[in-house]
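Have the viewer open as you read.

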Amino acid sequence: MKDEDLRDLNLPGYEIPPELAGQLAITTLDRVYNFGRRSSIWPMMFGLACCAIEMICAQAGRYDMARFGMEVMRPSPRQSDVMIVAGTVTKKMMPAIVRLYNQMAEPKYVVAMGACASGGGPFKEGYNVVAGIDKYLPVDVYIPGCPPTPQALVAGMIKLQEKIDKQSIKHVRWYDGKKEDSVAVAIPYLGPDLIDPRRIPEIKAKSMELAQPPAPAAEA
Amino acid sequence: MNGKGILKGMGVTLQRFVDTYLDDIRWWGKRYYTPEGIAHRSSTNTKGIFTIQYPEEKLPVPEEFRYKPFLLYEEGEKGEKNIRCTSCGICAKACPTQCIWIVRGTDPATGRPVPQPAGFWIDADICMSCGFCAEFCPFDAIKMDHNYEVASYTRNLMDIDELMKPVSYYAGIRPLNYAREEEARKAKEAAKAAKAAPAAG
């Protein structure tokens, strides 16, 4: 069954044809299931750059994402449903973000907020910036803008709600016994730009050596 | 007497409490979902902070608000779209993030280039809405849009069909800018005609 058909079934007032009567219960369950999920999308509380300011603004009284049940910013990935990647993702930050994504429980969604997270923005060719998190993470909604206004963020979150509405409990990957329970993404290693903490003593020793040149040889 | 300050403070609280109800009665039924209600709630005369009920009502954006660029076209008499863009490529050169790609159009009969874009793409996920393209365009062909509801499920690469919008739309969202540009255009044409007239006569 296609996504469009499922969405039609999820609408109220739809007459169930006799050949679909056996699926009546499951589609009704979909509506309840999706209503519960769409009305309690808890974002993870982290912001990376200026987009985070707009995200904070969208959470505050003026735009009030609590109207959609998105007000509970969770400090733990275990309790959050959506990851709003708000801001420039540096190569140093990317492994941490992927690790957080892996730690989130299903169902999990990723929203790329702003130009930097979606495609790298003005830093797309930078030596230290990831040109779009979709290289490493499955992104559900892209919100263009630099930064997106709070209303644009809310529009993007409504788009995510629409996506959730189209999902069916029969087909979601986290209840499908054949597939993996949870999507785990390999933690990327992003080349030599990333500082390897194991080399910190070495780097420190080298910088100390450069800062303090060795004493000149004793006078003969 | 002790406790006077507490009573005074409670009086202020009570006054505020009563005021909120008076304000509610004064703005009964028109505080939300009406333009004057939004204007009042955003003004300095209002008391407290109010939520913009976003999908149902929208905060009006100022005229100079800019989001993503779009291309202007003049509507012909038969409904044809005469795009203003001449594919000169100045916007693509001025773009700090290099998110504009233009393909120059060619005449299919002769194979010679024509001043029209065959393809025009803007990567909305790179664009940082600086508005340089609109500032640099000598033909007033590219302008910044007010529409911010552009979230998508895939990377947002806008092609020429998505970008093209009529001049009337531009006049609607930026009336002051439009009037100024039209005036300048008319003055320029008048000067050109005045220059041409003595040469002909």
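The notes below go from the ground rules to a helix, the cores, the chain contact and the salt bridges.

## Ground rules

This is a predicted model, where local features need pLDDT of at least 70, side-chain atom pairs count only at pLDDT 80 or more, and totals for chains, interfaces and linings use all residues. Residues are numbered from 1 along each chain as its sequence is written, chains are lettered from A and ligands numbered from 1 in the order in which they are written, and side-chain values use heavy atoms, with hydrogens and water left out.

## Helix α6 of chain A

Helix α6 of chain A covers residues 150–166, and its 17 residues reach 25 Å from first C-alpha to last, close to the expected 24 Å. That expectation is 1.5 Å times one less than the number of residues; helices here are DSSP runs of H or I with at least four residues, strands are E runs of at least two, and both are numbered from the N terminus.

Since 12 of those 17 residues are buried, α6(A) is largely enclosed by the rest of the structure. Buried means under 20% relative accessible area, with exposed over 50% and partly exposed in between (1.4 Å probe, protein chains only).

## Nonpolar cores

A nonpolar core is a set of buried Ala, Val, Leu, Ile, Met, Phe, Trp, Tyr and Cys residues joined through side-chain atoms within 4.5 Å. In the largest one, with 34 residues, A:Leu153, A:Met157 and A:Leu160 touch the most other members. The largest share, 8 residues, comes from α6(A).

Beyond its neighbours within four places in sequence, A:Met157 is in contact (heavy atoms within 4.5 Å) with A:Met65, A:Met70, A:Val82, A:Ile84 and A:Val111. A second, separate core of 23 residues includes B:Cys99 and B:Phe120.

## Where the chains meet

The contact takes 35 residues from chain A and 31 residues from chain B. About 2,600 Å² is buried between them, 58% of it from carbon and sulfur atoms; buried area is the accessible area (1.4 Å probe) that two parts lose on being put together, summed over both.

## Salt bridges

A salt bridge here is a side-chain nitrogen of Lys or Arg within 4 Å of a carboxyl oxygen of Asp or Glu.

B:Arg31 pairs with B:Asp23 at 3.2 Å between the closest N and O atoms, and both residues are buried. B:Asp145 bridges to B:Lys165 at 2.5 Å between the closest N and O atoms, a pair 20 residues apart.
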